[in-house]
Amino acid sequence: MSRSPRLVLVRHAQAGDAGEWDGADRDRPLSEAGQVSARRMAAALTHLLPGHLELLTSPYLRARQTAAPIAEALGVPVRQKKWLAPGQVAGVELEALAARLPADGSLVVVGHEPDLSSLAGRLMGCPSGAAGVHMGKGSVCALGGGLPGPMELLWLLPRRVLEDLAGEHG
């Protein structure tokens, strides 16, 4: 099985407090710390993701704000997908997109919890309803193998590790 990630799941960086936000949840932005973290995550990912990349994001603002510096750092466009909004079940769409990628290609998906952990669990063949990983804010999970799975966990990096990696390369 290839050691290159086929699917990279990125949980959005820290957003502002939902309890203090008066607008629609879909419009809740990243906090200042989240904006800094998103830029550092992007810098770290440039050293972790070789090959052809497709970058997809949830339409929610905090995910789009996390994806923007990743797109800039990796030199790829970012595409919003409604099926990556919180509460949606992604899978079939990812399989179709992955089928069109070159052998060294990766799908990079920016989204939300608990959806990303649940998706990782399904793709790794975990029992129904089991999360394959726990993804804290700003963490990244890479899966190898083919879709629809079962896939293998290649790495899971928490935000702090990504930020440290960015510092080493920056």
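Strand S2 runs alongside strand S4 (residues 106-111), the two pairing in the parallel sense over five bridges; strands here are DSSP E runs of at least two residues, helices are H or I runs of at least four, and both are numbered from the N terminus. Pairing calls for at least two DSSP bridges between two strands. This is a predicted model, so local features need pLDDT of at least 70 and side-chain atom pairs count only at pLDDT 80 or more, while totals for chains, interfaces and linings use all residues. Residues are numbered from 1 along each chain as its sequence is written, and side-chain values use heavy atoms, with hydrogens and water left out.

S2 also pairs with strand S3 (residues 78-80), again in the parallel sense, over three bridges. Leu-56 has bridge partners in both neighbours: Val-109 in S4 and Arg-79 in S3. Because four of the five residues of S2 (residues 53-57) are buried, the strand is largely enclosed by the rest of the structure; buried means under 20% relative accessible area, exposed over 50% and partly exposed in between (1.4 Å probe, protein chains only). Together with helix H2 (residues 61-74), S2 and S3 make a right-handed β-α-β unit: with the strands pointing away from the viewer, the path from the first strand over the helix to the second runs clockwise.

Turning to helix H1, its buried residues include Gly-34, Ser-37, Ala-38 and Met-41. Ser-37 has a relative accessible area of 2%. Leaving aside residues up to four places away in sequence, Ser-37 touches Ala-13, Arg-159 and Glu-163, contact meaning heavy atoms within 4.5 Å.
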